[in-house]
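The sequence and the structure are shown first, and the description follows.

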Amino acid sequence: MRTRLTSLVGMGLAVLIGSVLAPNVEAQDKAAKAQKAEPKLSNIQGRVQMVANDISTITVLVGSAPRKVVYNGTTKFVYGHSNNNKPGALSQVKQGNYISCAGTFDSKAQLMARDCVYREEK
């Protein structure tokens, strides 16, 4: 009788602890998957110094330092401000425009642009 009661209490305690810890483990798994799924985006903002269509790069002056932004067919270009814009195109980006590009950096410290917002003035 005593053995049966001890094993019953032990089982109940194990179920209680398992039900408390299981949601925490599940939340950690979801957080880890979310971090792996979406890399952290970086941003380069400044004046367009040069657009090199042959090598798919835009040189952006950030202060006095030139930074390379690499674009491809999936890069989205919009004209205006980030919260008030119209669809744009790479062909409309001109030297002297203000541009803000978001993306991830590659091994050469070049921003691989996901989207770029450009306008005439800052």
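## Surface and overall architecture

The protein has an accessible surface of about 8900 Å², and 57% of that surface belongs to carbon and sulfur atoms. Accessible areas come from the Shrake-Rupley method with a 1.4 Å probe, and for residues only the protein chains shown count as cover. The model is predicted: local features need pLDDT of at least 70, side-chain atom pairs count only at pLDDT 80 or more, and totals for chains, interfaces and linings use all residues. Residues are numbered from 1 along each chain as its sequence is written, and side-chain values use heavy atoms, with hydrogens and water left out.

The protein contains 1 helix and 7 strands, arranged along the sequence as α-β-β-β-β-β-β-β. Helices (H or I, at least four residues) and strands (E, at least two) are DSSP runs, numbered from the N terminus. Of the 122 residues, 25% are buried. Buried means under 20% relative accessible area, exposed means over 50%, and partly exposed lies in between (1.4 Å probe, protein chains only). Among contacts (heavy atoms within 4.5 Å) between residues at least 6 apart in sequence, 49% join residues at least 24 apart.

The whole structure holds 2 aromatic pairs. In one of them, the ring centres of Tyr71 and Phe77 are 6.1 Å apart and the planes meet at 75°, so this pair is edge-to-face. Rings of Phe, Tyr and Trp (its six-membered ring) pair if their centres lie within 6.5 Å; planes under 30 degrees apart count as stacked, over 60 as edge-to-face and the rest as tilted. Tyr71 and Phe77 are both buried.

Thr57 belongs to strand β2 (residues 57-62). Its relative accessible area is 6%, so Thr57 is buried. Leaving out residues up to four places away in sequence, Thr57 touches Met50, Val51, Ala52, Val69, Val70 and Tyr71.

## The largest pocket

Rolling a probe the size of a water molecule over the atoms shows where empty space is left. The search uses a 1 Å grid over the protein atoms alone; a pocket is an open set of points where a 1.4 Å probe fits, with protein on both sides within 12 Å along at least five of seven lines, and lining residues have an atom within 4 Å of a point.

The lining of the largest pocket consists of Asn43, Gln45, His81, Ser82, Asn85, Tyr98, Ser100, Cys101, Ala102, Asp115, Val117 and Arg119. At least two lining residues come from each of β1 (42-52), β6 (98-105) and β7 (111-119), and β6 gives the most, with 4 residues. By class, the lining has 4 nonpolar, 6 polar and 2 charged residues. Ala, Val, Leu, Ile, Met, Phe, Trp, Tyr, Cys and Pro count as nonpolar, Asp, Glu, Lys and Arg as charged, and the others, Gly among them, as polar.

## Loops and backbone features

The loop between β1 and β2 includes Ser56 and Asn53. Ser56 is not a glycine, yet it has a positive phi of about 55°. With 26% relative accessibility, Ser56 counts as partly exposed. Asn53 is exposed, with a relative accessible area of 54%. Beyond residues up to four places away in sequence, Asn53 touches Tyr71 and Leu90. Asn53 and Leu90 are 37 residues apart along the chain, and their C-alpha atoms are separated by 9.2 Å.

Ala109, in the loop between β6 and β7, also has a positive phi, near 60°. Its relative accessibility of 48% makes Ala109 partly exposed. Ser91 lies in the loop between β5 (84-87) and β6 and is exposed at 62% relative accessibility.

Lys40 is located in the loop between α1 (2-37) and β1. At 73% relative accessibility, Lys40 is exposed. Setting aside neighbours within four places in sequence, Lys40 contacts Gly103 and Thr104. Lys40 and Thr104 are 64 residues apart along the chain, with 7.0 Å separating their C-alpha atoms.
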